[in-house]
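Subject: Handover of a structure

Dear colleague,

Please find below the structure that I am handing over to you. I would be grateful if you could look through it before reading my notes.

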Amino acid sequence: MALIQLIYLSSLSDMRLEGEIGKILESSVRHNQEDGVTGMLLYSNGNFLQVLEGETAVVEKTFVRICKDPRHYDIVELIREPIAKRQFSQWSMGYQHLSESYIRSFPQYAPFFKFQANDEAIRAEPGIALELLKEFSVDNR
Ligand SMILES: Cc1cc2nc3c(=O)[nH]c(=O)nc-3n(C[C@H](O)[C@H](O)[C@H](O)COP(=O)(O)O)c2cc1C
């Protein structure tokens, strides 16, 4: 069974929807558990960065559904590639809410959380997205 990893960025449609994130996670965990999808969702100040991994067709189907969700927009796919082994296998969908001040202490990651202004910088080095997701997937704050 071929596995892929898909990483994308997006923005919350409206800051008043921050309260929806709990519901987003609840349905993510429910679907992903059933579908064998694993990954991590980072949120900071209106921006999402998510990694999804699992069987190719399943991840693609999940991503199509996520893309239709009106609670976020400006979805930028950064990485879609085959993987030999999962890197986020412990989470159906892990989650971290990172404060702006905390992100500021990692200048190399700053463009990801103000991405509308830095789209080019992010597309030039998509591999940093994976590094970032791994860094924050452990609760090391
Ligand atoms: C930023 C973001 C990340 C999401 N991640 C997932 C996910 O990993 N898996 C999933 O099934 N749905 C995810 N969703 C939710 C889907 O868009 C969709 O609302 C949900 O799958 C519908 O399921 P339900 O109607 O059964 O609750 C995400 C939505 C957003 C806005």
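Predicted model: local features only at pLDDT ≥ 70, side-chain atom pairs only at ≥ 80, totals over all residues.

Residues are numbered from 1 along each chain as its sequence is written. Helices (H or I, at least four residues) and strands (E, at least two) are DSSP runs, numbered from the N terminus.

**The ligand**

The ligand is surrounded by 17 residues, of which S27, S28, H31, D69 and H72 are the closest. A residue belongs to these surroundings if its C-beta atom, placed from the backbone, lies within 6 Å of the molecule. Helix 1 (21–35), strand 3 (47–55) and helix 2 (56–67) each contribute at least two residues to the shell around the ligand. Helix 1 gives the most, with 5 residues. Sorted by class, the shell holds 6 nonpolar, 8 polar and 3 charged residues. Here Ala, Val, Leu, Ile, Met, Phe, Trp, Tyr, Cys and Pro count as nonpolar, Asp, Glu, Lys and Arg as charged, and the others, Gly among them, as polar.

**Helix 1**

Helix 1 has 15 residues and reaches 20 Å from its first C-alpha to its last, close to the 21 Å expected at 1.5 Å a residue. The expected span is 1.5 Å times one less than the number of residues in the helix. Which residues of helix 1 are buried? They are I24, S28 and N32. These residues cover an arc of only 45° around the axis, which puts them on the same side of helix 1. The arc is that of the directions from the helix axis to the C-beta atoms.

A residue is buried if 20 or more other C-beta atoms lie within 10 Å of its own, exposed if 12 or fewer, and partly exposed in between, with C-beta atoms placed from the backbone. The face of helix 1 turned away from the buried side carries exposed residues, including K23, E26, S27 and R30. Strand 2 (38–44) is included in what covers the buried residues of helix 1. Just after helix 1, G36 takes a positive phi of about 70°.

**The nonpolar core**

In soluble globular proteins, nonpolar side chains tend to be buried together. A nonpolar core is a set of buried Ala, Val, Leu, Ile, Met, Phe, Trp, Tyr and Cys residues joined through C-beta atoms within 7 Å. The largest such core here has 26 residues, and L42, L49, F112, A129, L132 and L133 touch the most other members. Strand 1 (3–12), strand 2, strand 3, helix 2 and helix 5 (127–137) each supply at least two residues of this core. Strand 1 gives the most to this core, with 5 residues.

Leaving aside residues up to four places away in sequence, L42 touches F48, L49, Q96, L98, L133 and F136. Two residues are in contact if their C-beta atoms, placed from the backbone, lie within 7 Å.

In helix 2, V58, V59 and I66 are buried. Seen down the axis of helix 2, its buried residues fall within an arc of 95°, so they line one face of the helix. They pack against strand 1, helix 1 and strand 3. A57 and V64 are exposed on the other side of helix 2.

In helix 5, the buried residues are A129, L132, L133 and F136. They cover an arc of only 95° around the axis, which puts them on the same side of helix 5. On the other side of helix 5, G127 and E131 are exposed. Among the elements that cover the buried residues of helix 5 are strand 4 (72–83) and strand 5 (94–97).

**Individual residues**

Where is N45? N45 lies in the loop between strand 2 and strand 3. Its phi is near 50°, a positive value in a residue other than glycine. N45 is partly exposed, with 15 other C-beta atoms within 10 Å.

D74, in strand 4, also has a phi near 50°, again positive in a residue other than glycine. With 14 C-beta neighbours inside 10 Å, D74 counts as partly exposed.

S105 is in the loop between helix 3 (100–104) and helix 4 (119–124). S105 counts as exposed because it has 9 C-beta neighbours inside 10 Å.

Yours sincerely
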